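Student: Let us work through this model in short questions and answers. Please define each term when it first comes up.

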Amino acid sequence: MLKTARYKAFVDYFSTHQPNPVTELHYNSPFELLVAVILSAQCTDKRINQITPALFERFPTPESLAASTPEEVYNYIKSVSYPNNKAKHLVGMAKILVSEFNSVVPQGIEDLQKMPGVGRKTANVISSVVYQEPAIAVDTHVFRVSNRLGLANKAKTPLATEMQLMKYLPKELLGVAHHWLILHGRYICVARTPKCEICPLTNFCKYFEQTNPEAILRKKELLKATKIRNREAFDQLREISNIIDKIT
Ligand code: SF4
């Protein structure tokens, strides 16, 4: 299957069945989303949603977080992964947000990445969700599902995956495609054993094509049928050519 056909099938399916996906993180402002996304690295959204209400109540603004200490923040986030590092990142991020950006979450990827704890993935989420910029964040789910589906071809890094998705997806769909891929990876195309038996994308999934015995057989039969058709067409052409030779 051609890559463009895979993209078309992907967009067609999700546009119809999941036209308005949203992030599962709870937040009420760009600042809260930034905090939640920093916390969500290597952790589940469910866990983050459990701890952010108390965190946001104690630190409702960049100023209040900037005036705190990693030790205090740690107490609010100790049940998430890597709490020590994340506590330092949050306070450092808030200090830069206040001092360099007037407490407004910046829009540009480069500006966002000036803050501790904000890598390319987090910057792309903010840029896309808050400012509707044409960006797509590649996390572990997006990376895995894009490669399995064949939307990304032998992409070895998140950046390589991002570049291929950016090339083939319409700009206006980058934001929703990010959610489509994350949600599909979280609930169906899971890391260890993808749930292909209940997946609605088997008819265009490259991984399924290459691993499912029936799909492999179907592909072989299709190839065989194509070869036979080509052979028949060739024989007909040769026959016509012989007739033309005889009458000229
Ligand atoms: S068919 Fe299987 S590998 Fe392909 S997207 Fe669905 S769950 Fe993932």
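This is a predicted model: local features need pLDDT of at least 70, side-chain atom pairs count only at pLDDT 80 or more; totals for chains, interfaces and linings use all residues.

Student: Is Q42 buried or exposed?
Tutor: A residue is buried if 20 or more other C-beta atoms lie within 10 Å of its own, exposed if 12 or fewer, and partly exposed in between, with C-beta atoms placed from the backbone. Q42 has 11 such atoms within 10 Å, so Q42 is exposed.

Student: What is the phi of K154?
Tutor: Most residues other than glycine have a negative phi. K154 sits in the loop between α9 and α10 and is exposed, with 7 other C-beta atoms within 10 Å. K154 is not a glycine, yet its phi is positive, at about 50°.

Student: What is the radius of gyration of the protein?
Tutor: The radius is taken over C-alpha atoms, and the globule rule is 2.2 Å times the number of residues to the power 0.38. A compact globule of 248 residues would come out near 18 Å. The C-alpha atoms here fill a box of roughly 95 × 35 × 30 Å along the principal axes. The protein has a radius of gyration of 25 Å.

Student: How far apart are the centres of domain 1 and domain 3?
Tutor: Domain bounds come from an automatic or database domain assignment. That assignment gives domain 1 (3-20 + 137-187), domain 2 (30-129) and domain 3 (212-248). Taken over C-alpha atoms, the centres of domain 1 and domain 3 are separated by 36 Å.

Student: Which residues have the most contacts inside the largest nonpolar core?
Tutor: A nonpolar core is a set of buried Ala, Val, Leu, Ile, Met, Phe, Trp, Tyr and Cys residues joined through C-beta atoms within 7 Å. The largest one has 57 residues, and those with the most contacts inside it are L34, I38, L90, I126 and A177.

Student: Which helix gives this core its largest share?
Tutor: The core draws at least three residues from each of domain 1 and domain 2. The largest share is 8 residues, and it comes from helix α2 (residues 30-40).

Student: Which residues does V105 touch, beyond four places in sequence?
Tutor: V105 is found in the loop between α6 (83-101) and α7 (109-112). V105 is buried, with 21 other C-beta atoms within 10 Å. Two residues are in contact if their C-beta atoms, placed from the backbone, lie within 7 Å. The partners of V105 are P30, F31, L34, L97, I126 and V130.

Student: Which helices do the buried residues of α11 pack against?
Tutor: Helix α11 (residues 174-187) is largely enclosed by the rest of the structure, because 11 of its 14 residues are buried. Among them are A177 and W180. A177 is in contact with I136, L165 and L169, neighbours within four places aside. The buried residues of α11 pack against α1 (3-17), α8 (120-129), α9 (140-149) and α10 (158-168).

Technical notes:
Residues are numbered from 1 along each chain as its sequence is written. Helices (H or I, at least four residues) and strands (E, at least two) are DSSP runs, numbered from the N terminus.
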